[in-house]
Amino acid sequence: MGQGGNIGDTAQLIGCPVCDELHQLSRPDEGHRALCRCCGTVLITSRDRAGINILALSVAVMVLVIAATIFPFLSIDAAGIANRVSLWDVATSFRSGLLVLVSVATVLLIVLVPLMRTALLVYVIAPLEFDRPPLPRARGAFRTAQALRPWAMTEVFSIGCAVALVKVSDLAHLEFGPAFWMFSVLSLIVVVADRYLCSWSIWTALEEAEPT
Amino acid sequence: MTRAIDAGLVTCTECASVWPRGQGTCGRCGNALQSRHTRSLQRVWAFWLTGLLCYVPANLSPMLVTSTLTGTSANTIVGGAVEIAKHGDIGIAAIVLGASVAIPVAKFLAIAYLAVSVQRGSARSPAARLHLYEAVEFIGRWSMIDVFVVAILSALVQLSVVASIRPGPAALTFALSVIFTMLSARSFDTRLIWDEHNRKT
Ligand SMILES: [Zn+2]
Ligand SMILES: [Zn+2]
């Protein structure tokens, strides 16, 4: 990024959201990133096929979350008695009194927020990718998707499964169902998709597609 | 080096575009523009304190109630780890203690340090403090593991008289404490670190 010493047209500037340092706007070459010279925060990630990759990964996330919610997730047996549960059973396992609140939070964090976030990303990015004008309220949708980011806890939950496995191992025999493997793949996809997402590029694309 | 605040400009924290000071909303993304989140520190401390108030009962009441053929036992977070250690799994006990005791306590201390450092000043470089902040932000969500483990166990271990596991009240207070510390960390305006640093030099 160039020196920001000479402040002219603000449209030619990019500010670091983390430390407030100004830079002259210059798009990095394909495959490269522009870093803040003051704090090192990634300002722009340039990838030609980022949009289509995010779309593909988002659709995969939606399919996998829904599948993992319906199909058996984990099964257990001890002394001849067996039990199998889906992701939905796990998320709604707090049933008594105030603990229902934890069920609500769990459903939000591992099912609804990830679904909502990917749906919003598809809503925003799909028209851009196919050279159509942005859908109504696309800006608000993308802001919401970004705000939801820390609250989609898919990958945290999948590590929770591993810890539960260890805790229960001396009590009973535990087995992973198909939905568990889907969910593990899903967690990886979520991490990869987040690496492709460059918010600066999407805001720029939105602006170019539909100038305010 | 020029910062937006010194040039009479405001950076949009959402889309990184730059606008003249005084403009209310970002013309590119529609985000509310604020040169600094003025009530940032009040919000940090309010969420921090609420999180701490939830964290204390989370450690005193049971997280899991296990019923087996030999009887019923209710375990707090630390009690559960001690139980695991007695079985000989020292490594797993250490992981549980690390995730539910060491990390939350470290998070409370780190956020408090960051907030005090921008109020009172600090000898540490801004880069070091930003790394600390990024670590807190990264690690914050992972504390939910414990709540998810309780959810998985209570859903799964329902084997009539052989064994059953029920969640205890600490599951709620612990989940709340994680959520409030996440909100506390997210309320912190990192630009204040450089403001404090520039005041000194
Ligand atoms: Zn920066
Ligand atoms: Zn903006």
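**Notebook: chain B, then a look at chain A**

I started by counting elements in chain B and got seven helices and six strands. Before going on, I noted to myself that this is a predicted model. Next I read the elements of chain B off from the N terminus, and they go β-β-α-β-β-α-α-α-α-β-β-α-α. How does the radius of gyration of chain B compare with the globule rule? It comes out at 22 Å, while the rule gives 17 Å for 201 residues, so chain B is more spread out than a compact globule.

**Box, burial and surface**

I then looked up the box that the C-alpha atoms of chain B fill, which is roughly 70 × 35 × 25 Å along the principal axes. For burial I found that 52% of the 201 residues in chain B are buried, where buried means under 20% relative accessible area. I also checked the contacts in chain B with a separation of 6 or more, and 61% of them link residues 24 or more positions apart. Charges came next: chain B has 17 positive and 10 negative ones, and their mean positions lie 6 Å apart.

**The sheet in chain B**

In what order do the four strands of the open sheet in chain B stand? I wrote down 4-3-6-5, with antiparallel pairing. Strand 4 (71-75) and strand 5 (158-159) of chain B are at the edges with a single partner strand each, so one side of each has no neighbour in the sheet. A reminder from class: strands of a sheet pair through backbone hydrogen bonds, either parallel or antiparallel.

I zoomed in on strand 3 (residues 64-68) and strand 6 (residues 163-167) of chain B, which are antiparallel and joined by five bridges. Here I spotted B:Leu64 opposite B:Pro167 of strand 6.

**Over to chain A**

In chain A I picked strand 5 (residues 72-78) and found six bridges to strand 6 (residues 81-86), again in the antiparallel sense. These two strands of chain A form a hairpin with two residues between them, and there A:Ala79 has a positive phi near 50°. Strand 5 of chain A also runs antiparallel to strand 7 (residues 173-176) of chain A, with four bridges between them.

Which residues of strands 6 and 7 of chain A face A:Ser75? In strand 6 its bridge partner is A:Arg84, and in strand 7 A:Ser75 stands opposite A:Glu175.

Terms used: Residues are numbered from 1 along each chain as its sequence is written. Chains are lettered from A and ligands numbered from 1 in the order in which they are written. This is a predicted model: local features need pLDDT of at least 70, side-chain atom pairs count only at pLDDT 80 or more; totals for chains, interfaces and linings use all residues. Side-chain values use heavy atoms; hydrogens and water are left out. The radius of gyration is taken over C-alpha atoms; the globule rule is 2.2 Å times the number of residues to the power 0.38. Buried means under 20% relative accessible area, exposed over 50%, partly exposed in between (1.4 Å probe, protein chains only). Contact means heavy atoms within 4.5 Å. Lys and Arg count as positive and Asp and Glu as negative; His and the chain ends are not counted. The place of a charge is taken as NZ of Lys, CZ of Arg, CG of Asp or CD of Glu. Two strands pair if DSSP finds at least two bridges between them.
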